Amino acid sequence: MSINIFVRLISALALCIFLSSCNDDRHTSIRLAHHLDTQHPVHKSLVHMDEVLQKLSGGTMELVIYPSAQVGTEREVLELLQIGSMGMTKVSASSLEAFVPQMKVFSLPYLFDNHEHYWKTLESNIGQDLLDAGTPFLIKGLGYFDAGSRSFYTTKKKVETPGDLAGLKIRVMSSQTAVDMVNTMGGAATPVSWGELYTSLQQGIVGGAENNPPSFYYSKHYEVSKYYLLDEHTSIPDVIVIGTKVWDKLTTQEQGWLSEAMHQATEYQKVLWAESTAMSLKKVKEAGVKVIEADKALFQDSVKPIYESLEGTILEPLVESIKSMGEE
């Protein structure tokens, strides 16, 4: 174990959940860690969630938030949730694939017809079942945040069609589904950690990456990536999760307050996200980034083999159910 990881673990253990009571005077603090900076709409929405929670509980519950990867990466914080040393976190649904294989469905390209179809799915029984599916692994999904649609951005090579991706190293998350998508389109998928991506783009280790507009802007990747192709290939939600070891220690009333605070934070974040997306695109254009409208039909055709490969897998019926929701 490296010294850095050891220090992080010791620090995280020092930040553990305190569920304290003194006679009938119970105060509950839940530690929440995430890797985004304080200007990001996700962080602002988590702050709003804390404000709602304190109001609902009359000041007897609170979230103590640690942003900017103070505690570790998404994977490291998930592991701390499992042992009860951290209470909550925000992760991409793709980061949960190792625990909940069905979460891979969100990484499938062009799964949703539009944004309405996306939220209709998340707020349905399908979305709730996926939130609950992590409980055997000691993590419970509380709700979703909008993470928009992911698109490609590149440093030197202009990309307008799937053919332009040929041989180009594209950074992807540590998700086999994301790797398969980029490779099927013709690119060379290259997993790189988020914290190392700016330098990897700058030094040419990868020639591009893919993410939503706010993440592209707030990460400052636009400083080294001068092309942004709005192909919107995937819409992978963020998931707010809590460790079951912490959830199970909450009273029924506290669980209710936390669930309602989650609901209100989601509605708040939807508005914040839309505003942030528009602002981010405006800012990167002003910085000299060429934003390109993609011919999405070309990209949809290029990933048909991915859907053909799902036949007979656990994802096939799930995809059919999601697709049918868009037709209703």
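On one side of helix α5, Asn125 and Asp129 are exposed (over 50% relative accessible area, with a 1.4 Å probe and protein chains only). The structure is a predicted model, in which local features need pLDDT of at least 70 and side-chain atom pairs count only at pLDDT 80 or more, while totals for chains, interfaces and linings use all residues. Residues are numbered from 1 along each chain as its sequence is written, and side-chain values use heavy atoms, with hydrogens and water left out.

The buried residues (under 20% relative accessible area) of α5, which spans residues 125-132, are Ile126, Gly127, Leu130 and Leu131. Seen down the axis of α5, these residues fall within an arc of 140 degrees and therefore line one face of the helix; the arc is taken from the directions from the helix axis to the C-beta atoms. The buried residues pack against α4, β5, β11 and α13, with contact meaning heavy atoms within 4.5 Å. Helices (H or I, at least four residues) and strands (E, at least two) are DSSP runs, numbered from the N terminus.

In strand β9 (residues 208-211), Gly208 and Glu210 point one way and Ala209 and Asn211 the other way, and all are buried. Strand β6 (residues 150-154) pairs with β9 in the antiparallel sense over 4 bridges, where pairing requires that DSSP finds at least two bridges between two strands. Phe152 stands opposite Glu210 in β9.
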